[in-house]
Amino acid sequence: HQVLRVVPQSNEELQELQELQELEHLQLDFWLAPSRLGLPVDMRVPFRSLQAVKAHLEAAGVSYSIMIEDVQALLDEEQTEMLRSSRQRSVDTNTFNYEAYHTIDEIYNFMDMLVAENPNLVSKLEIGRSTENRPLYVLKFSTGGTNRPAIWIDTGIHSREWVTQASGVWFAKKIVQDHANNEGVASILETMDIFLEIVTNPDGFAYTHTTNRMWRKTRSRHAGAICVGVDPNRNWDAGFGDAGASGNSCSETYHGPYPNSEPEVKSIVDFVKSHGNIKAFVSIHSYSQLLLYPYGYTTTPAPDEQELNEISAKAVAALSSLYGTKFTYGSIITTIYRASGSTVDWTYNQGIKYSFTFELRDTGRYGFLLPATQIVPTAQETWLALKVIMEHARDNSY
Amino acid sequence: RAMELPPGHFPAARAAAAAVGYLRYLRGGPGSGLQLRQLRRARRQDIDGVGHKYYLELELEDVLDKDRTVSCTAEVLYHLGSNTSAPDVQLTVQGELRSTEEADKEFYNRIRSLEKEFVAENIPDSHGNVPPELEPIHLLAWAASGYVIWQNSMENTKFHLAQVKHVKQVKRNDEDLQFDFVILLHEMVSQEVLPWEVTLLWHPQRGARVPQSRAAPAGS
């Protein structure tokens, strides 16, 4: 739609415009109706009437100007502005908007609200601090016991993979809801604890909001390094520095100066080692729609490959049952690429048999910029796969 | 002799991405975009002194009309030891997609009737949002990026269009529409996000052509 302006200079022109008003089929919307000579007449003209109206005016010798090229674009812009300015902080986790992407402050606030609302189930642990001194928070979901066998889930280790942090927020709420309704993972929580780190790379995440939406790594500066940041999924002590990572600090897969150089990684390593009873470890990424298990740094198959492959088949089928989303599964090195120093290779070598990495939606149409409308469907379907893994861990203690 | 490849493993997936890039360039327009739904089958043949040839069976869908799919057989030949020549891609598409003649014409006329040259940025935006009136431009960027992806694909790369950073229409005296894009390509293996400058010409009957493209200079 365009908005045309005419300033009638003669009675004939004024009459032309008044006649246009009568032509209902043109569906003109007069923002400023024809009234007097010299006063502007503004009319919104739908696209399909544009040619006819312009032809009509030109034939009558009436000059006009295009005030607004594209009304829709303007409306959309306005709406975006309105939404942006009306981002009010929600007061509880029931009014929190799970269908939108949030800032780090909003997510940290969500965590506090969740803990406050469910003090007997959820607690917040600070496992360390990032390079820029942001707290690294892990939510613990537990119905009691002492050092129960546990499941670990992390999201957002690569900061640009926004659907993962958003899914982590949804998972947190889902765990609480299942427990309240005594369904879903409630039975898992009878004998196991769940640890969930939602913003695993907070410095990177903040950077994607303020400066570069495509930032992947941490924000560390190491002596002698020209560029900032280390790939936190190449910094683990499993095949560290081998083929499948870069020694160049400017690379997106820079492994860092030594294993666990990144506090975001070291804090998890320390946590896992001191806990000592983690039975399943899932690290969540996007995009590509894959479910992967070790190894990434070697072609030698993992000793438990057959079992991991079977679990993956089941998990992927469960995921697909909801919206038909197709996932491929297999070991990291055969399915996606050789990668050294990756998270689940380390956790697997620590003895955490059920170590998996997800790559969530999509397959490249939007990639990292997955529309917010897909957050909840993605989280819902992924949760079904996670439950398969968690239930298997519960039913196959080792 | 051609060796069967697991379609779920990366060598086949990379060749498929190169083929789909080429197809997007050939068939792309403001009214439609093709996406890989499934790689059904893949084989590889190592040809001495020539290179590696992949035989692929693809199922593609129209992103604007997901119920419509077409099958495609593709041959992708990566030339031996070459980092400078594009893979040869031959494809045969079976089946018909929905006609975009109306949408193409409407878009063409709309752009041609603009007083000022069309400009836009960040498609999609950070939240994945693409306003409906920018979807045709998004799809044209797909066609443009398809060209760049095809031209720069190697056996150890897999490119996707990450974002359209900037697009500017350039008015022409002939009947083509011209758009100068700055696009971000995401390369899966290195995980790099690389800016490219691409000029796209498009016409409802003549389709898409890329007269020039280059990796954007550092610091851009």
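Visitor: In what sense do strand β9 and strand β12 of chain A pair, and over how many bridges?

Guide: Welcome! In this predicted model, β9 (residues 278-286) and β12 (residues 354-360) of chain A pair in the parallel sense over 7 bridges. One bridge joins Ser283(A) to Thr357(A) of β12(A).

Visitor: What makes β9(A) and β12(A) count as a pair?

Guide: Pairing needs at least two bridges, and β9(A) and β12(A) have 7 bridges, so they count as a pair.

Visitor: Why are β5 and β11 of chain A said to stand at the edges?

Guide: The open sheet of 8 strands runs β5-β6-β8-β7-β9-β12-β10-β11 in chain A, with mixed pairing. β5 (122-129) and β11 (328-331) each have a single partner strand, so one side of each is left without a neighbour in the sheet. From one strand to the next, the twist averages 20°.

Visitor: Which helix packs on the sheet?

Guide: That is α5 (residues 162-181) of chain A, touching β5, β6, β7, β8, β9 and β12 of chain A. The direction of α5(A) makes about 140° with that of β9(A).

Visitor: Which residues make the contact between α1(A) and α2(A)?

Guide: Glu16(A), Leu17(A) and Leu20(A) of α1(A) meet Val53(A), His56(A) and Leu57(A) of α2(A). These residues divide into 4 nonpolar, 1 polar and 1 charged.

Terms used. Residues are numbered from 1 along each chain as its sequence is written. Chains are lettered from A and ligands numbered from 1 in the order in which they are written. This is a predicted model: local features need pLDDT of at least 70, side-chain atom pairs count only at pLDDT 80 or more; totals for chains, interfaces and linings use all residues. Side-chain values use heavy atoms; hydrogens and water are left out. Contact means heavy atoms within 4.5 Å. Helices (H or I, at least four residues) and strands (E, at least two) are DSSP runs, numbered from the N terminus. Ala, Val, Leu, Ile, Met, Phe, Trp, Tyr, Cys and Pro count as nonpolar, Asp, Glu, Lys and Arg as charged, and the others, Gly among them, as polar. Axes are lines fitted to C-alpha atoms, for helices over the stretch in contact, and angles run from 0 to 180 degrees between N-to-C directions.
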